[in-house]
Amino acid sequence: MTSDVARQVAALRRTVARLHGELTRYDLVAWTAGNVSARVPGQNLMVIKPSGVDYDDLTADSMVVCDLNGNVVDGTGSPSSDTAAHAYVYRAMPEVGGVVHTHSGYATAWAARGEGIPCWLTAQADEFGGEIPVGPFALIGGDAIGKGIVSTLSGHRSPAVLMRNHGVFTIGADARAAVKAAVMCEDVARTAHLARSLGQPVPIAPNDIDSLHDRYQNVYGQRPG
């Protein structure tokens, strides 16, 4: 590992460790469940949470560096049990720089029903560009989950997928974007559940979804210059 790559990895270890605190801050995980990973730009490497370690004990040094086949390159602990899934996503989707997995309550309840979340909210149109889709059931440990994520999200505007009977996986241009998608997915899932408990929610027209998504992605917020 060259000195430049080593500096990149060290910075991402700090970032990934810090971002795990956002999962607990927004109540997206319980005990040691869930994980965040980040691709090392320009390298066949990723940084990911160690398996089964308490969130309070996570540090930059405890993060594990793996190649994109899931093999440990640097680190003293075993990587997350979802490492193969993350690695498959990075191999198949070169535009992805971060992957997050949670079992957040409302979103995972939709996953347990094997049901995607229809686009009933402007905030959902903004962030997800339509329905949050449901992916297939897959066992943990191999790359079957990764294959399900990729097959579901390929060609889809949503950065989140509800893996059936399992939980939420999100992707982003970097790890922070993937964490944001996980936070917003749970927020949308909760509101959609509450809306449906009151009756039949009103759908948003496809053209309006397109307009909302375009505005949020290309106009909203501060822009360079």
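Leaving aside its neighbours within four places in sequence, which residues is Val100 in contact with? In this predicted model, the partners are Leu23, Asn35, Val36, His86, Val168, Phe169, Thr170, Ala175, Ala178, Val179 and Ala182.

**Nonpolar cores**

Val100 belongs to the largest nonpolar core, a set of 24 residues. Along with Leu23, Val36, Val47 and Val179, Val100 touches the most other members. Helices H1 and H6 and strands S1 and S2 each supply at least two residues of this core. Their ranges are tabulated here.

| Element | Residues |
|---|---|
| Helix H1 | 3-25 |
| Strand S1 | 35-39 |
| Strand S2 | 45-48 |
| Helix H6 | 175-198 |

H1 gives the largest share, seven residues. As a general point, nonpolar side chains in soluble globular proteins tend to be buried together.

**Helix packing**

Two packed helices are described by the angle and the distance between their axes. For helix H2 (residues 83-92) and helix H5 (residues 144-153), the axes come within 7 Å and cross at roughly 40°. H2 is therefore oblique to H5. The crossing of H2 past H5 is right-handed. On the H2 side, Ala85, Tyr88, Val89 and Ala92 make the contact. H5 contributes Ile145, Gly146, Lys147, Ile149 and Val150. By class, the residues of this contact are seven nonpolar, one polar and one charged.

Notes:
Residues are numbered from 1 along each chain as its sequence is written. This is a predicted model: local features need pLDDT of at least 70, side-chain atom pairs count only at pLDDT 80 or more; totals for chains, interfaces and linings use all residues. Side-chain values use heavy atoms; hydrogens and water are left out. Axes are lines fitted to C-alpha atoms, for helices over the stretch in contact, and angles run from 0 to 180 degrees between N-to-C directions. Helices (H or I, at least four residues) and strands (E, at least two) are DSSP runs, numbered from the N terminus. Angles under 35 degrees count as roughly parallel, over 145 as roughly antiparallel, 65 to 115 as roughly perpendicular and the rest as oblique. A crossing is left-handed if the near helix is turned anticlockwise from the far one by less than a right angle, and right-handed if clockwise. Contact means heavy atoms within 4.5 Å. Ala, Val, Leu, Ile, Met, Phe, Trp, Tyr, Cys and Pro count as nonpolar, Asp, Glu, Lys and Arg as charged, and the others, Gly among them, as polar. A nonpolar core is a set of buried Ala, Val, Leu, Ile, Met, Phe, Trp, Tyr and Cys residues joined through side-chain atoms within 4.5 Å. Buried means under 20% relative accessible area, exposed over 50%, partly exposed in between (1.4 Å probe, protein chains only).
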